[in-house]
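Biologist: I would like to learn how to read a protein model. Could we go through one together, feature by feature?

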Amino acid sequence: MDGTERENVTEIRIPFRDIDMHGHMHNAAYYAHAEAALANLWRHRPAIAEEPAYLVRRSACIFHRGLRFDEPARFTVTVAKIGGSSIGFAVRVETGDKLAAGVEIVWVAVDRARHQPVQLPAPTREWLAGYAA
């Protein structure tokens, strides 16, 4: 870990609460930390009047190496796809120079009242393009 602070990178040490009986991080904890890293990036988005709500459409995780207690981990969020109303995020989970997992999260923008898909706002789309993989 180089200590570099960027809005799309979150560095943590694996807490004991996330460890299973085999000494590895629980599968669900990968999602929790990936979503926290995504939330950290999302805080930097441009302000939008009447912004749509964003709902998770799909998520998946590919495990490469189990993380252990107190091990440093880096969660790097990139934008894999920008659709009409959806955003695909890729979260790379690394420890040192080794890949531990890859998490895919797809959000869909919806009208807050009707929960029907709506177009991504242009400022959000332009901002997201800066994080495209």
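Biologist: Leaving out residues up to four places away in sequence, which residues does E51 touch?

Modeller: Keep in mind that this is a predicted model. To read contacts, look for residues with heavy atoms within 4.5 Å of each other. Here, E51 touches W42, R45 and R112, once residues up to four places away are set aside.

Biologist: Is E51 buried or exposed?

Modeller: The cut-off for buried is under 20% relative accessible area. E51 has 12%, so it counts as buried.

Biologist: Which side chain makes a polar contact with the side chain of E51?

Modeller: That is R45. The two side chains, E51 and R45, are joined by a polar contact of 2.8 Å.

Biologist: Let us step back to the whole chain. How many helices and strands are in the protein?

Modeller: There are 2 helices and 5 strands. In sequence order the pattern is β-α-β-β-β-β-α. The radius of gyration is 16 Å, close to the 14 Å of the globule rule for 133 residues, so the protein is as compact as a globular protein of that length. A box around its C-alpha atoms, taken along the principal axes, is roughly 45 × 30 × 20 Å.

Biologist: What share of the residues is buried?

Modeller: Of the 133 residues, 41% are buried. The protein exposes about 7,500 Å², and carbon and sulfur atoms supply 52% of that area.

Biologist: What percentage of the contacts with a separation of 6 or more comes from residues 24 or more positions apart?

Modeller: The figure is 67%. V77 gives a case to look at. V77 and N8 are 69 residues apart along the chain, yet their C-alpha atoms are separated by 5.1 Å.

Biologist: Which element holds V77?

Modeller: V77 lies in strand β3, residues 72–82. Its relative accessibility is 0%, so V77 counts as buried. Beyond neighbours within four places in sequence, V77 is in contact with N8, A37, L38, L41, F89, A90 and V91.

Biologist: L41 is on that list. Where is L41 found?

Modeller: L41 is in helix α1. L41 is also buried, because its relative accessibility is 0%. From L41 to V77 is 36 residues in sequence and 7.6 Å in space, C-alpha to C-alpha. Residues up to four places away aside, L41 touches E7, N8, V77, W127 and Y131. N8 is therefore a contact of L41 and of V77.

Biologist: What is the phi of H115?

Modeller: H115 is not a glycine either, and its phi is positive, about 60 degrees. H115 is in the loop between β5, residues 98–110, and α2, residues 122–129. With a relative accessible area of 48%, H115 is partly exposed.

Biologist: One last feature. How far apart are the mean positions of the positive and negative charges?

Modeller: There are 16 positive and 16 negative charges, and their mean positions are 4 Å apart.

Notes. Residues numbered from 1 in each chain as written. Predicted model: local features only at pLDDT ≥ 70, side-chain atom pairs only at ≥ 80, totals over all residues. Heavy atoms only, no water. Helix = DSSP H or I, 4+ residues; strand = E, 2+ residues; numbered from the N terminus. Rg over C-alpha atoms; globule rule 2.2 N^0.38 Å. Buried < 20%, exposed > 50% of the residue type's maximum accessible area, 1.4 Å probe, protein only. Areas by Shrake-Rupley, 256 points an atom, 1.4 Å probe, with all protein chains shown as cover. Lys, Arg positive; Asp, Glu negative; His and termini not counted. Charge placed at Lys NZ, Arg CZ, Asp CG, Glu CD. Polar contact = N/O pair within 3.5 Å; in protein donor to acceptor, adjacent residues only side chain to side chain.
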